[in-house]
Amino acid sequence: MSLRTRALLLLLGSLALAPAAVGQAVDAPPYVIRRVSEPIRLDGVLDEAVWDSIEPVPMVKHWPSYGGDPTERTEVRLAYDGAYVYASCRCYATPGSIQATTFKRDSWNLTNDQFALVLDSFHDNETALIFVVSPSGARSDAAISGDAAGSTPNNDSWDTFWDAEVTRTDSVWYAEMRIPISSLRFQDQGGDVEMGLITYRLIASKNEMATYPAIEPKWGFWSFAKPSRAQTVHMTGLRSRNPVQVTPYVLAGVGQDFLLNADTTGYARIDNPSQDVGLDVKYGVTNNLTLDVTVNTDFAQVEADDQQINLTRFSLFFPEKRRFFQERASIFQYDLGGSNRLFYTRRIGLHQGGEVRLLGGARLVGRIGEWDVGLLNMQAARDDALDLPSENFGVVRLRRQVLNPYSYVGGIATSRLAEGGGYNVAYGLDGVLRLFGDEYLTLNWAQTFDDSLSSGVVDLSSARLRALWERRRFDGFGYQFSVARAGRDYNPEMGFELRDDYTRLGDRLFYGRVFRGKRSVQRLQVGLDGNVHLRNVDGAVETSEISPTLEVTFRSGATLVARVRRSFDDVLTQFALTPQVGVPVGEYGFTSFEVTHNTSPARMLRHRTALNTGTYYDGRRVTLSLGPTWSASRFLELAATYQVNWVQFGERGQEFTAHVARLRAETTLNTRFTLTTFVQYNSLADGVTGNLRFRYTPRDGRDFYLVVNEGMNTDRYRVEPTLPFTSSRTILLKYSHTFQF
């Protein structure tokens with residue numbers, strides 16, 4: 001090892017061990033939650049004497065300006081016994097100002113008043129679980145990862161067993177939570193347990209949030225949920241149960257396809273009745289390790305993907321919507337910047353928009369000693385219709401804290417094995433080091449191997465690497481600097497990668513302010529974003545972008561984002577935008593202006609408006625998006641999205657107009673009955689899709705679904721013979737029941 005290398009390693013080590021700068025988490029004595037022996041009746045009334053005997057925690061205003069007492073009296077109390085963690089809140093309010101717009105489970109947004117508990121149950125300063133209840137009794141729960149950094153650190157599809165009850169008058173609402181100890185994964189030392197805790201109250205009509213402990217909003221929107229800012233709480237005499245949950249399901253229905261008949265004169269309806277059964281088992285192996293086993297995995301109730309118009313030459317990225325893969329997903333994350341990642345769950349059980357049957361699999365997630373552990377293995381059936389062999393998908397993820405509570409190193413391995421001998425395997429090493437203050441260094445190395453190529457153990461041609469230095473905060477001067485490289489043979493078949501064989505340099509400089517006092521602006525940030533992609537084969541610039549950006553959050557919660565984007569694209573191969581319109585080979589420079597405005601989320605009628613206009617390759621482009629949402633009452637919410645894309649290449653005499661429209665209606669009779677209707681139109685696909693989902697949940701763990709999917713042709717006369725009005729239809733009934741042992 002050279003002297004220069006040793007000096008660099010010594011510097012990084014000393015930085016990582018440096019104490020926190022001003023504003024970082026300060027060691028404070030743990031808050032001891034009261035252990036109670038008196039019974040607490042969960043009814044939302046708060047009339048037990050034990051609640052009055054507990055001192056409320058001191059709440060401090062977080063939004064819209066930091067510091068001081070909340071404008072409305074707020075009394076939050078905490079307790080526990082051998083079976084449950086309890087939390088209560090007396091939420092006083094201006095008469096008539098309490099907002100509760102839905103009964104729907106997991107409808108977590110800023111339109112509703114909220115009382116919430118955030119628990120870093122592993123006390124790792126990185127992950128947490130959030131439990132939220134609104135004045136209507138609607139419950140939401142979610143998982144937080146990555147110390148709430150980034151724009152979407154929340155996984156709203158995480159669910160567990162817990163209860164909450166509320167009562168209300170015109171000027172106050174009361175909430176009680178009861179979280180089973182068995183629903184939490186944690187480490188205990190002889191029955192002594194330390195967790196991180198944050199509690200907050202949101203007053204939607206004022207866009208006001210108060211938290212305990214006091215947390216400055218200088219890390220951006222998600223500052224209130226940062227595990228590293230949580231108060232350490234102490235509980236004694238806790239032993240986590242290791243419950244077993246067994247969830248069988250039964251499913252019956254019919255699928256209808258309309259296929260061209262033998263003499264090609266028309267379309268015949270083909271009915272495909274189906275009956276199926278399956279099983280999910282969840283077992284707490286230890287108090288911080290959970291095993292999930294699934295047999296004949298089914299996703300019948302999953303909502304369809306949002307229709308999109310692709311105006312780039314790269315693949316579209318779609319988020320995961322299947323609950324099994326969303327649960328505990330943070331442990332398997334291996335992000336490589338943007339949408340690029342080494343493991344992308346939609347590679348399992350999906351192919352070109354169609355479902356591939358999953359015979360079953362297993363997942364083990366939790367902590368062993370100092371290591372966070374994630375193992376996943378799924379077996380897909382052979383699909384003759386899609387010409388796919390049976391495949392096995394495997395993932396192993398390990399990571400642990402090093403140097404300080406905010407840094408970790410880890411690794412991941414993925415495998416995709418097909419019958420017949422085909423394979424693609426990958427491994428990755430990564431680390432996130434908090435060097436000092438809010439300075440973080442992220443390092444990634446990944447490499448792939450498959451049956452069609454011969455690669456060395458360490459081979460840049462089949463490798464992907466990245467280094468990112470960033471200042472993780474919103475206010476003040478900040479930056480992100482990154483360099484990334486992907487070799488020509490890098491091919492993560494279980495991941496997602498937009499490009500091949502490139503080197504990328506970026507990312508952004510910014511300056512932000514968080515304002516105090518009664519100003520109309522709550523947060524403001526100006527920035528300069530930029531990146532360049534170079535072809536490895538010749539070092540030439542493939543694409544580049546630079547964009548000055550302004551982001552404003554107003555006191556009401558409304559937001560405004562504006563940017564001017566200058567782009568360069570060296571197109572070596574013509575690509576199509578529609579069957580009739582494309583972009584030919586050539587070098588292009590073009591400029592666009594983009595602005596997005598969101599009204600206050602507290603409004604019953606709110607909207608999102610976005611405009612993108614300017615030059616586009618050798619033509620012009622205008623994209624307008626409108627997205628109104630109306631919370632008509634606790635029983636009904638309507639949301640619509642309309643986007644029009646107008647693209648014109650005048651010199652070439654080509655143009656097209658593309659429309660996408662979505663309409664979603666959420667009907668909730670109470671916290672048990674939900675009806676969701678989702679209709680989409682895509683003019684380029686000449687089709688309308690409809691999805692209706694009725695869900696009845698008499699209690700946690702018991703779910704009845706009625707699902708209807710319909711596809712319709714809007715231009716039936718574009719081919720001969722005339723297309724049928726309905727292209728496909730599915731009607732399904734599903735019931736699942738969870739037994740706890």
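## Salt bridges, a surface patch and a buried aspartate

Glutamate 75 and arginine 77 form a salt bridge, with 3.1 Å between the closest N and O atoms. Both glutamate 75 and arginine 77 are buried. Please keep in mind that this is a predicted model. Across the whole structure, a search finds 51 salt bridges.

Three of these pairs are set side by side here.

| Salt bridge | Closest N and O atoms |
|---|---|
| Glutamate 75 and arginine 77 | 3.1 Å |
| Aspartate 489 and arginine 488 | 3.8 Å |
| Arginine 563 and aspartate 529 | 3.9 Å |

The pair of arginine 563 and aspartate 529 links distant parts of the chain: arginine 563 sits in strand β31 (residues 559-571) and aspartate 529 in strand β29, 34 residues apart. Are these two partners buried or exposed? Arginine 563 counts as buried because its relative accessibility is 19%, and the cut-off for buried is under 20%. Aspartate 529 is likewise buried, at 19% relative accessibility. Elsewhere, salt bridges with shared partners connect Arg105, Asp106, Arg139, Asp141, Asp159 and Asp700 into one network. As for the pair of aspartate 489 and arginine 488, arginine 488 is exposed, with a relative accessible area of 59%.

Let's turn to the surface. Which residues form a nonpolar patch there? The patch is made of Phe477, Phe481, Leu509, Tyr511, Val526, Leu528, Ile546 and Leu550, which together have about 680 Å² of accessible area. Strands β27 (476-486), β28 (502-514), β29 (521-535) and β30 (541-554) are the elements that each give two or more residues to this patch.

The side chain of aspartate 430 makes a polar contact of 2.8 Å with the side chain of arginine 397. Beyond neighbours within four places in sequence, aspartate 430 is in contact with Tyr334, Arg397, Tyr408, Val409, Gly410, Gly411, Leu443 and Asn444.

Finally, a word on the cysteines. Cysteine 89 is buried, with a relative accessible area of 0%, and cysteine 91 is buried with a relative accessible area of 0% too. How many disulfides does the count give? With sulfur atoms required to lie within 2.5 Å, the count comes to zero disulfides.

Definitions and conventions:
Residues are numbered from 1 along each chain as its sequence is written. This is a predicted model: local features need pLDDT of at least 70, side-chain atom pairs count only at pLDDT 80 or more; totals for chains, interfaces and linings use all residues. Side-chain values use heavy atoms; hydrogens and water are left out. Buried means under 20% relative accessible area, exposed over 50%, partly exposed in between (1.4 Å probe, protein chains only). A polar contact is a pair of N or O atoms within 3.5 Å; within protein, one must be able to donate a hydrogen and the other to accept it, and residues adjacent in sequence count only if both atoms are side-chain atoms. Contact means heavy atoms within 4.5 Å. Patches are made of residues with over 30% relative accessible area and no salt bridge: like charges are joined within 9 Å, nonpolar side chains (Val, Leu, Ile, Met, Phe, Trp, Tyr) within 5 Å. Accessible areas come from the Shrake-Rupley method with a 1.4 Å probe; for residues, only the protein chains shown count as cover. A salt bridge is a side-chain nitrogen of Lys or Arg within 4 Å of a carboxyl oxygen of Asp or Glu. Helices (H or I, at least four residues) and strands (E, at least two) are DSSP runs, numbered from the N terminus.
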